[in-house]
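Work through the exercises below with the sequence and the model open. Each task is followed by a solution in steps.

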There are 2 protein chains.
Amino acid sequence: MLYDVYFYGMNTREEMDDFILNGHLHYVPHVSIDCAIFGYHEQQLKLLLLKHKAIYGWCLPGGYIKRTETLVQAANRIVMERTGIGNLFLQQFKAFGDPDRAKTNSFDEEKLFEATGVRFGKNNWLIDQTISIGFYAITDFVKSVPEPDIMSDECAWFAIDEVPHLEFDHDEMVKEALHTMRVHLYHYPIGYNMLPEKFTLSEIHALYETLLGKKLDISNFPKKLIALGLLKKLNEKRSIGPHRSPHLYMFDKEKYDEALREGVVLS
Amino acid sequence: MLYDVYFYGMNTREEMDDFILNGHLHYVPHVSIDCAIFGYHEQQLKLLLLKHKAIYGWCLPGGYIKRTETLVQAANRIVMERTGIGNLFLQQFKAFGDPDRAKTNSFDEEKLFEATGVRFGKNNWLIDQTISIGFYAITDFVKSVPEPDIMSDECAWFAIDEVPHLEFDHDEMVKEALHTMRVHLYHYPIGYNMLPEKFTLSEIHALYETLLGKKLDISNFPKKLIALGLLKKLNEKRSIGPHRSPHLYMFDKEKYDEALREGVVLS
């Protein structure tokens, strides 16, 4: 049985061979990382998915952890290698280890052979039970244009309500990533790099509504951000129509970064 | 170098030998679980620590994951085997995988030999880099009396502000466990099995203050629990002194369990 086999980021046949034969010397066996990368732009929420050449369906970008890397370094490298997207704020949400988590995958050994020219030995380090650590991120999908690596057919943004059934246990991963991201919205500031530098209260309110996936009666999040000094009211307005020129706001980046480190209570 | 070697729950020399020689067939190598078990009782918060026979200092109870177990099953079994405490509500908080996370431990191979009569071969599955998945739990430390297993010298509750320096990266684990537990207080109900069946608003307010480690100006948590129907006011009072007989409350267990599954927004 093949569990959750990832191998990407390799550009030559030699690199591929070395990874398959000696990868356990450079990577921690039995542990992988999968990343749920959410994209926001103007009230739309999307998810980044990958189509690996040897797997029929779509899945989250993933890979292994180098023995010299911290988990977050590995997650950043994997996202960069798989998708071309760099510099994400990645946050762990959960590890997945059900013994049957990979049993339903449609991994195709023949397709793998076609794509790579390589066959696995029976005791290969890649063919064994794998526990995967889930990371999530939120970015602006307009600024983050994916470029799949040579082992992937496609890498694309999907609207959150049009995400297809995913391989392995990645459906559950996405559900858990969304849940944790939504809990975190109440405890960490969000919006930097996802809103224009100067924005209206409606715009940040819409960001929260979109990420939470529900209408909010009152605008507690922006109010709380202002009360905590994370959001500054500017002496500028934006003209959006007759009699409509709302005030503009921007983040206090220093306080924002501190709140990201320490956590706060919003809502 | 020895990384985070756990082996407990074994009662005979034969079991020990089999675990050391063949454990990789029954357990997932390279991955362990560590558990931060918090204990609450009447405004005191404690942490459960273990003293392994082959390690000088204290650490969190931990162990490996059987290849047939889910992560939460493994965590429950490990806590039961190590400490004799069963039936805990365990919640994942973070995986720890810095390459140097175990380099500072004071694991003593000679002490291990004394305690077990067994020596490791150089290629033994236990002697390699390990990524550990952290779980936390909260229980009533009066109802949860630890009984260490044969590989542990001691297993005891420590007041949270008197926790000694811990082995491996367990100091960081405790800090992260506390942080996640405190975030979760805003999103899941707590108190069942930690308060008397019928309790006053002051008692549940004190529970929140103790777990959060700070004074709360106003009693938002109980108010929100009442508003969400999780807490029911009883037609009973407790007499605690002249002119002082506060109303008693109890949890609506059905709504409580639903809120544990689905999450809520408290505060």
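**Exercise 1.** Locate A:Gly229 in chain A, classify its accessibility, and list its contacts beyond the sequence neighbourhood.

Solution. 
- Step 1. This is a predicted model, and local features are taken where pLDDT is at least 70. In it, A:Gly229 sits in the loop that runs between helix 6 (220-227) and strand 7 (231-237) of chain A.
- Step 2. The relative accessibility of A:Gly229 is 18%. Buried means under 20%, so A:Gly229 counts as buried.
- Step 3. With neighbours within four places in sequence set aside, A:Gly229 is in contact with A:Asp252 and A:Lys255.
- Step 4. For a distance check, take A:Glu14: the C-alpha atoms of A:Gly229 and A:Glu14 are 54 Å apart, with a sequence separation of 215 residues.

**Exercise 2.** Carry out the analysis for B:Thr200: where is the residue, is it buried or exposed, and which residues does it contact?

Solution. 
- Step 1. B:Thr200 belongs to the loop between helix 4 and helix 5 (201-212) of chain B.
- Step 2. Its relative accessibility is 5%. The cut-off for buried is under 20%, so B:Thr200 is buried.
- Step 3. Apart from neighbours within four places in sequence, B:Thr200 is in contact with B:Arg238, B:Pro246, B:His247 and B:Leu248.
- Step 4. B:Met173 is 27 residues from B:Thr200 in sequence, and their C-alpha atoms are 33 Å apart in space.

**Exercise 3.** Find the polar partners of A:Arg101 and state how accessible this residue is.

Solution. 
- Step 1. A:Arg101 lies in the loop between strand 4 and helix 3 (109-116) of chain A.
- Step 2. At 4% relative accessibility, A:Arg101 counts as buried.
- Step 3. The side chain of A:Arg101 makes a polar contact of 2.7 Å with the side chain of A:Asp169.
- Step 4. A polar atom of the A:Arg101 side chain also lies 2.9 Å from the backbone oxygen of A:Thr130.

**Exercise 4.** Identify the salt bridge of Lys94 in each chain, and say which elements the pair links.

Solution. 
- Step 1. In chain A, the side chains of A:Lys94 and A:Glu176 form a salt bridge with an N to O distance of 3.7 Å. This pair links distant parts of the chain: A:Lys94 is in strand 4 (residues 90-96) and A:Glu176 in helix 4 (residues 170-184), 82 residues apart.
- Step 2. In chain B, B:Lys94 forms a salt bridge with B:Glu176, and the closest N and O atoms are 3.7 Å apart. B:Lys94 is in strand 4 (residues 90-96) and B:Glu176 in helix 4 (residues 170-184) of chain B, so the pair ties together parts 82 residues apart in sequence.
- Step 3. A:Lys94 counts as partly exposed at 25% relative accessibility. B:Lys94 is partly exposed, also with 25%, and B:Glu176 is partly exposed at 21%.

**Exercise 5.** Describe the interface of chain B and chain A by area, composition and polar pairing.

Solution. 
- Step 1. The buried area is about 2400 Å², and carbon and sulfur atoms give 61% of this area. The contact takes 29 residues from chain B and 29 residues from chain A.
- Step 2. Across the interface there are 2 salt bridges. B:Asp128 forms a salt bridge with A:Arg67, with the closest N and O atoms 2.8 Å apart.
- Step 3. On the side of chain B that touches chain A, strand 1 (27-41), strand 4, strand 5 (131-140) and helix 4 each supply at least two residues. By class, this side has 14 nonpolar, 9 polar and 6 charged residues.

**Exercise 6.** Which residues have the most contacts inside the largest nonpolar core?

Solution. 
- Step 1. The largest nonpolar core has 48 residues, and those with the most contacts inside it are A:Ile33, A:Ile133, B:Ile33 and B:Ile133.
- Step 2. Not counting residues up to four places away in sequence, A:Ile133 touches residues including A:Ile33, A:Leu71, A:Lys94, B:Ala95 and B:Ile131.

Note on methods:
Residues numbered from 1 in each chain as written. Chains lettered and ligands numbered in written order. Predicted model: local features only at pLDDT ≥ 70, side-chain atom pairs only at ≥ 80, totals over all residues. Heavy atoms only, no water. Core = buried A, V, L, I, M, F, W, Y, C linked by side-chain atoms within 4.5 Å. Buried < 20%, exposed > 50% of the residue type's maximum accessible area, 1.4 Å probe, protein only. Contact = heavy atoms within 4.5 Å. Salt bridge = Lys/Arg side-chain N within 4 Å of Asp/Glu carboxyl O. Helix = DSSP H or I, 4+ residues; strand = E, 2+ residues; numbered from the N terminus. Buried area = accessible area lost by both parts, 1.4 Å probe. Polar contact = N/O pair within 3.5 Å; in protein donor to acceptor, adjacent residues only side chain to side chain. Nonpolar A, V, L, I, M, F, W, Y, C, P; charged D, E, K, R; others polar.
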